[in-house]
Amino acid sequence: MGSQQHGGSGQDTAASPRHRSDTTLRVNGTPRTLTVDNRRVLLDLLREDLGLIGAKKGCDHGQCGACTVLVDGRRVNSCLLLAVALDGCEITTVEGLAGDGEELHPLQRAFRKRDAFQCGYCTPGQLCSAAGVLAEAAAGHPSHVTDPARPSGEPVPLDREEIRERLSGNLCRCGAYPHIVEAVEDVIP
Amino acid sequence: MTGTETALGAPAERREGREKVTGTARYAAEYDRPGRTHAWPVPATVARGRVTGVDTAAALAQPGVLAVLTHENAPRLAEPDDATLAVLQDAKVPHRGWFVALVVAETPEAARAGATAVRVSYDVEPHDSVLRRDHPASYAAEQANGGHPGSTEHGDPDTAFASAEVRVDVEYDVPPLHNHPMEPHSSTARWDGDRLIVETSSQGTSTARDVLAGMFAMPAERITVVAEHVGGGFGSKGTPRPDVVLAAMAARHTGRPVTLTLPRRLLPSVVGHRAPTLHRLRLGAGADGRLTALVHDVTTHTSRVKEFVEQAAVPARVMYAAPHSRTVHRVAPLDVPSPSWMRAPGEAPGMYALESAMDELAGELGMDPVELRVRNEPETEPDSGKPFSSRHLVECLREGARRFGWSRRDPRPRSGRTGPLLVGTGVAAATYPVMVSPSTAAARALPDGTFLVQVNATDIGTGARTVVAQIAADALGVEPGRVRIEVGSSDLPYASLAGGSSGTASWGWPVHDACVSLAERLAGRSGPLPEQGIEARADTAGRADADSPYARHAFGAHFAEVTVDTVSGEVRVRRLLGVYAAGRILNARTARSQFIGGMTMGLGMALTEDSTVDAPFGDFAESDLASYHVPAHADVPSVEAHWIEEDDPHLNPMGSKGIGEIGIVGTAAAIGNAVHHATGIRFRRLPLTPDRVLTGLLAHESPAPV
Amino acid sequence: MKTFAYVRPGSVEEAAAAFADHPGARYLGGGTNLVDLMKLGVERPETLIDVTRLPLDTVEELPDGALRVGAMVRNSDLAAHPVVRDRWPALSQALLAGASGQLRNAATTGGNLLQRTRCPYFQDLGKPCNKRQMGSGCGAREGVHRDHAVLGHSPHCIATHPSDMAVALSALDARVELHGADGPRSVPAADFHRLPGDHPERDTEIRPGELITGVVLPAATGGLPSRYRKARDRASYAFALASVAAVLRVSDGVVAQAGIAFGALAHRPWRARRAEAALLGAAPTAAAFEHAVDLELADAQPLRDNAYKVPLARRLALDVLAGLVPSATL
């Protein structure tokens, strides 16, 4: 337990000492200290070093959202975040979305119930993004479709238009969008 | 048996749902074998020519780079049937983006850095990449994709058109389109002695195995190809793509397992695309709306690598009764990436054009567009004269109209307005052929009372495992929970690929047959089963591919409501509604998802997805997901899919037609027709982006002086 | 992406020193564009200086009614900031019209200003681009340029600046605060980005080693009606085809103050000075707006395939301006 290194095949062998760094992350509650090639993005660290394959590489350039994870509770594209720059951060991936003792996160249950996916490749990103959306709306963060006159600081009610706009950073080529929206609606407190 | 009533058609949840929502479902790039390496391809940067040299020194000097494969050192392979797979076999560059080298390294980062450092020099030849209707290189194709005759003619269409009371003669353009499944094409390959094991993102691993066996000149028995989970394909993973060949070559060259994930922006050039189609439709009709002449001319492009002819004029042979008709496919080989299958090849662009022209004809006639279609309902399939095994297009139109509220529509163009938004509605019909291929399956009864069903189906997101389990449970007369399903490996009983909306029919048929014969054997015996259970197998060869005396097609009707912003020219869909007649629906839950998914892709085709051949360079300008706009959540509001009960005894034991593609087929036309209804302007070039729509609105407001 | 060294300074001064010590260094903010371009091989830094943890992540109300936004404030936080939403709403709207929720959570104020064009030729090492390599040519001019500039382009470059936020900052008369070897300075946001001219490789007026430390929204535009509107190919998560930010003060029935800027029309947010001048002192009528906007766009030089941008920008501007005055006035 605790600090450990997964047997990532070529970890750091491709970079000279000045091009690699130590970084410590808490991933789904577990501290991980790794020596990483400075080029390594969080997405590849999760997938290659930690064997957490939930976050997906759909485009590798921040254009699809399949790699979405939560960093310190905020949803981000893990393909664009250098792991070395995240030293000390708390990472939650789809594998850690359900809380302790919870079999599935309510969003995961709702996605199954609503058939909110087909191929499943965008699904982990949709789930992490949806978790982020719920938190952002609860914290009063507006979106492009929120009435600008709406007072700041109050939770923003998530109607379908809000959900759609806020999840637009997660592309789904199978076209599961309508069911994803229903699934998110199901878990709105 | 009660199973018959409960299993088939029930909205069973996806069997792999838990894996997919917990992130444990494993895709092709996610097999971290010990010693695994990563590969990165190097695309050609010229549109036509030859590689004269590849300088790999700088790449090999990169830390972690193990090897650079080029046409000079890559393993020599046997010539494949599909020439797009003959990668690194010679110096020729048939189009920009063709792979000219492959870097293998310890990490993805090193592989990418290595690929950037490879220096390739070329002899460049002039190229020609732009399709035009009058392109001098175009010729009438003998065959279109799917084995369809390139041209057909009935009666005297020219005379009939010339003498028709009402005529529509219009041209439509559909740009190149890209499949862009969310999982980029990926393969992990390793050699274990003389065995090759590959995990790949493919729509059919039996086919992939056979192709690899041919190219690597080895018995298919020594190759295992696995596709446990596939992140979408939409045709682009139908047959193997270069990634699987390159990964296998690189694994042989390095002696290490190799994962190759094609970078997203390189996909458009190497995995196939929907070729652009330039249409001309001539419809002649009497004042009663009955078609007297129907002529559909299609011009498309193909590459220098192979001839692929998007069969866009084929649906015109199926849809409407017209005594005089002609359909022609012309194709121009250009210096462009090779086109291939994309969801509903032929039907999607062809029905966009035909159904838009029908809408124009309805306008000319002053006739309701639903009624126009009803009036032209054929007795038999117009081209073949065969009776339809079932055809319920009219019921789909009527049911869709009822659900959509079509009767409340003011038919006058530009009659709906809310503030700056013009509001319009449109309708279009859809069709997709019934296809089915021979496949095999095994069903085994186990002593613990459970069953194991094996078939090399591939679940690309359709829910294959789930529906196959329902078919098996139904045939066995047991609860689906007692049936375990194994799919997604070429070591399983041979099966056809997940394409052409044929998967469920093709796989379900032998599964059904094996289960029925297993049930019969079980009924005839008593006492406990042997430890290994008892097994029955089935093979549909000779039956699934037998000629049918019937014309077999699914049909559907699409309705759309759109808004057009008169300030910006932005078109947004408010609601889409589809009604389908597609045989028996085997799983209401997953079927609905597929229909909705197809409609969503049709929405993209109508409004957002645009690709341009970059004339000076010969590739596609919109190569990534920031510039090629697949619809986002915000583009997709209410989408409803419904179906009518259709009992067709001429299909397969389940009575099902395919459902994976028909959803896209009429959607773009329904949206385009709605935009016409909203604006009074007919846009004839997809997609309907603000640049085009605003330009049209401006011309409408102040027409240019003639 | 080539290998690089990574350093994380503890202060602005240390950052500047680190830059001086490391040839070929680049500052790393949210990384949403820099890392993207590094993967493409377009950016090839020797060293990344991570400035995300510098104490530049606060939004501070200044005594004179201005607002200082730290360069490391994330786009999503800035868009949600009560004072921004209340007093400079066009800025919040512009931020929320850009990118995606995930990207806004990572992207910083400073980094947003320094993002580079999304011109596909700039991003493709296999095609010519003067911005990436002067002298190689401009692939877009004869290639695909529907999204490219109609104003202020040069023979060398027809790229547009992709930021929504910067358009609002330009219209709102914000200032960009910088810190370099010579200490701090500030430049108007409207003058921060450049036109391509003979040096398309230079996007901004930033000097080598200078770090954006913050952005100041002036009291003069605070509390005035302001709006941002953008047109795009899909309903969300797409760059602008054209956009407009505007702020207006009407006093005694005439326009007393105006700030108008266009996005996606030029190599920089296009501050519409000529239109503003035409409006000053005029009654805020539809006719006055049309006259002003047409004056501004009269110099547009569309390319083969992007002439639509001129009427699109015009209509967006008229719509935005009309929305800034009580309807009774029009």
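Here are some notes on this predicted model, point by point.

1. Some housekeeping before the tour. Residues are numbered from 1 along each chain as its sequence is written, and chains are lettered from A and ligands numbered from 1 in the order in which they are written. Since this is a predicted model, local features need pLDDT of at least 70 and side-chain atom pairs count only at pLDDT 80 or more, while totals for chains, interfaces and linings use all residues.

2. How far can you trust chain B? pLDDT is the predictor's confidence in each residue, from 0 to 100. Chain B has a mean pLDDT of 97, with 99% of its residues at 70 or more. The exception to keep in mind is residues 1-5 of chain B, where pLDDT stays under 50 and the model has 7 contacts beyond four places in sequence. A contact here means two residues whose C-beta atoms, placed from the backbone, lie within 7 Å. Where pLDDT is low, the predicted coordinates should not be read in detail.

3. Now the domains, whose bounds come from an automatic or database domain assignment. Chain B gets domain 1 (3-25 + 437-539), domain 2 (31-126 + 182-232 + 237-270) and domain 3 (139-177 + 274-434 + 549-701). The centres of domains 2 and 3 of chain B are 37 Å apart, taken over C-alpha atoms. Where these two meet, 15 residues of domain 2 are in contact with 16 residues of domain 3. The domain 2 side of that meeting splits into 5 nonpolar, 5 polar and 5 charged residues. For these classes, Ala, Val, Leu, Ile, Met, Phe, Trp, Tyr, Cys and Pro count as nonpolar, Asp, Glu, Lys and Arg as charged, and the others, Gly among them, as polar.

4. Chain C is also divided, into domain 1 (1-54), domain 2 (56-241 + 261-270) and domain 3 (242-260 + 271-329). Over C-alpha atoms, the centres of domain 1 and domain 3 of chain C are 40 Å apart.

5. How do chains A and B meet? The contact takes 52 residues from chain B and 51 residues from chain A. Helices and strands here are DSSP runs (H or I, at least four residues, for helices; E, at least two, for strands), numbered from the N terminus. Helix H2 (17-22), helix H4 (108-117) and helix H14 (588-608) of chain B each supply at least two residues of the chain B side, and the largest share, 7 residues, comes from H14(B). By class, that side of chain B has 21 nonpolar, 18 polar and 13 charged residues.

6. Chain C touches chain B too: 27 residues of chain C are in contact with 30 residues of chain B. On the chain C side, H14(C) gives the most, with 5 residues, and the classes come out as 12 nonpolar, 5 polar and 10 charged.

7. Take a look at B:Pro181, in the loop between strand S11 (166-174) and strand S12 (186-192) of chain B. Is B:Pro181 buried or exposed? A residue is buried if 20 or more other C-beta atoms lie within 10 Å of its own, exposed if 12 or fewer, and partly exposed in between, with C-beta atoms placed from the backbone. B:Pro181 counts as buried because it has 26 C-beta neighbours inside 10 Å. Leaving aside neighbours within four places in sequence, its contacts include A:Arg173, B:Gly231 and B:Phe234.

8. Another loop residue worth a look is A:Ser78, found between strand S4 (74-77) and strand S5 (90-92) of chain A. A:Ser78 is buried, because it has 31 C-beta neighbours inside 10 Å. Beyond four places in sequence, the residues that A:Ser78 touches include A:Val41, A:Leu42 and A:Cys67.

9. Finally, strand S21 (residues 421-433) of chain B. 11 of its 13 residues are buried, so S21(B) is largely enclosed by the rest of the structure. Strands pair if DSSP finds at least two bridges between them. S21(B) pairs with strand S26 (residues 551-565) of chain B in the antiparallel sense over 13 bridges, with B:Leu421 opposite B:Asp565. Strand S20 (residues 416-418) of chain B is joined to S21(B) by 3 bridges, also antiparallel. S20(B) and S21(B) form a hairpin with 2 residues between them, and B:Gly419 in the turn has a positive phi of about 55°.
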